[in-house]
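These notes are meant for someone opening the structure for the first time. They go element by element, in numbered points.

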Amino acid sequence: MTEHARTLDILVIGAGQAGLALGFHLKKTPFRFQLVERNARVGDSWRKRYASLVLFTPRAYSALPGLAVPGDPDVFPTKDEIGDYLETYANHFDLPVVLGSGIRRLERVDGGFRAITEAGELIDSRAIVLATGAFQRPAIPSISKRLSAEVTQLAPEGYKAPSQLSPGRVLVVGDGATGRQIALELAANHEVLLAAGRPRRVSPDRILGRSVFWWMDKLGILRASRESAIGRYLMKIDPFPGKALELKRLQRRGVAVVGRVVQAEGRKVSFADGKEAEVDAVLWATGYKDDTDWVAIPEAKDAQGNFLHYRGVSPLPYLCFVGRSWQWTRGSALFAGVSEDAAYLTEHIVKHLDHREVA
């Protein structure tokens with residue numbers, strides 16, 4: 001292993017849409033920076049998702065700064081199209097991305113930071129930005145362990161297509177956009193139960209012929225901070241677009257909606273509405289939790305091990321985050337809003353790094 005194989009001013013961990021948006025802005029600074037990405041290709045985190053996935057933002061609102069997504073701006077892009085777009089984006093702006101370089105540990109050292117790659121390489125950097133997002137580790141409830149080994153269990157990351165599952169009754173747990181999309185797809189050739197939790201608001205894709213995101217943009221809703229009245233309201237109701245995913249419409253397409261899961265034993269699952277069912281497969285679309293264990297910096301976490309930050313800046317001013325859900329606005333974790341957070345963080349980092357130390 002070579003000590004200090006790379007020495008940087010800024011290391012960006014993750015080269016998805018958040019990392020690339022940050023790279024676009026960092027390219028305008030005099031600092032030495034790199035983006036490291038554990039996948040073999042830029043965009044692979046999108047390519048690896050289930051085959052039918054389509055973004056709920058049209059192409060016009062699925063682009064990063066400086067480069068449009070090719071094609072009709074009003075059409076919703078596929079996950080492979082977005083994967084290829086991200087790869088094109090990195091090449092177009094000649095962003096310094098190092099592929100196949102996952103980070104297994106991050107620690108403080110000598111007034112800066114040291115990242116250790118999965119291959120054992122050391123990267124020392126004065127500032128770090130975690131662009132890994134908040135959707136890292138599926139949050140599978142412990143009740144899953146009570147199900148029989150005969151029951152196939154998948155998280156959305158492991159699901160690719162309906163043909164993956166044998167004929168039988170499939171329970172989809174979690175009725176966010178992903179859970180509803182997968183339930184609808186499976187209903188074409190499986191018996192599907194959808195376990196719903198709290199009521200969810202579904203907004204239309206289009207209003208008066210315009211994308212709902214066009215209206216959110218023009219009305220300033222995409223840029224409303226989490227501390228504003230509209231921001232607090234949106235965080236509470238957590239709406240997502242797609243009227244085809246309303247529960248009543250799903251029921252008309254053959255999806256049986258049940259209450260939240262309260263008990264499981266063998267193949268039998270019990271629900272809060274008093275219903276019970278034997279299932280052959282369960283897809284846990286129950287959200288995600290942060291993977292923070294690899295960050296060996298106690299000051300960056302709360303007592304439960306969750307990352308601390310305000311508007312993407314941790315208690316350590318040289319450790320930042322970008323691309324997290326509601327980091328500052330509704331758009332923070334979306335293509336439509338991540339650039340504003342990236343610009344803000346770039347300005348913050350520039351102010352804190354001493355230009356006189358730039359080589």
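1. Helix α6 is followed by aspartate 238, a residue with a positive phi, near 50°. The model is a predicted one.

2. Helix α6 itself covers residues 229-237, and Gly231, Leu234 and Ile237 in this helix are buried. These three residues span an arc of only 140° around the axis, so they lie on the same side of α6. Ala229 and Lys236 are exposed, on the other side of the helix. As background, an α-helix has 3.6 residues a turn, so residues three or four places apart point the same way.

3. Next comes strand β9. Four of the five residues of β9 are buried, so the strand is largely enclosed by the rest of the structure. With strand β10 (residues 191-195), β9 pairs in the parallel sense over five bridges. In this pairing valine 172 stands opposite leucine 194, and arginine 169 stands opposite glutamate 191.

4. Strand β10 is mostly covered, with four of its five residues buried. Strand β10 also pairs with strand β15 (residues 255-258), in the parallel sense and over four bridges.

5. Strand β19 (residues 281-284) runs parallel to β9, and four bridges join the two. Leucine 171 stands opposite valine 282 in β19, while valine 173 stands opposite tryptophan 284. Strand β8 is joined to β19 as well, by three bridges, and these two strands run parallel. Here threonine 152 has alanine 281 as its bridge partner in β19.

6. Which way do the residues of β19 point? Ala281 and Leu283 point one way from the strand, Val282 and Trp284 point the other way, and all are buried. The general rule for comparison is that side chains in a regular strand alternate between the two faces of the sheet.

7. A separate point concerns an open sheet of three strands, in the order β16-β17-β18, with antiparallel pairing. Its edge strands are β16 (261-265) and β18 (276-278), each of which pairs on one side only. From one strand to the next the twist averages 20°. Between β16 and β17 (residues 268-271), which run antiparallel, there are four bridges. The bridge partner of alanine 264 in β17 is valine 269.

8. On to the aromatic rings. A pair of aromatic rings is described by the distance of the centres and the angle of the planes. With ring centres required to lie within 6.5 Å, the count comes to nine aromatic pairs. One of them is formed by phenylalanine 24 and phenylalanine 93, an edge-to-face pair at 5.2 Å centre to centre with 85° between the planes. Phenylalanine 24 lies in helix α1 (residues 17-26) and phenylalanine 93 in the loop between α3 (79-92) and β3 (97-99), so this pair ties together parts that are 69 residues apart in sequence.

9. Is phenylalanine 24 buried or exposed? Its relative accessibility is 15%, and buried means under 20%, so phenylalanine 24 counts as buried. Phe24 and Phe93 also belong to one aromatic cluster together with Tyr85 and Tyr89.

10. Tyrosine 50 and tyrosine 159 form another aromatic pair, this one tilted, with 5.8 Å centre to centre and 55° between the planes. The pair links distant parts of the chain, 109 residues apart: tyrosine 50 is in the loop between α2 (44-47) and α3, and tyrosine 159 is in the loop between β8 (152-154) and β9 (169-173). Tyrosine 50 is buried, at a relative accessible area of 2%. Tyrosine 159 is buried too, at 0%.

11. Arginine 49 lies over the face of tryptophan 46, at 5.2 Å from the ring centre. Arginine 210 has its charged end over the ring of tryptophan 214, 4.4 Å from the centre of that ring.

Technical notes: Residues numbered from 1 in each chain as written. Predicted model: local features only at pLDDT ≥ 70, side-chain atom pairs only at ≥ 80, totals over all residues. Heavy atoms only, no water. Phe/Tyr/Trp six-rings, centres within 6.5 Å; stacked < 30°, edge-to-face > 60°. Buried < 20%, exposed > 50% of the residue type's maximum accessible area, 1.4 Å probe, protein only. Lys NZ or Arg CZ within 6 Å of the ring centre and 35° of its normal. Pairing = 2+ DSSP bridges. Axes fitted to C-alpha atoms, helices over the stretch in contact; angles between N-to-C directions. Arc of directions from axis to C-beta.
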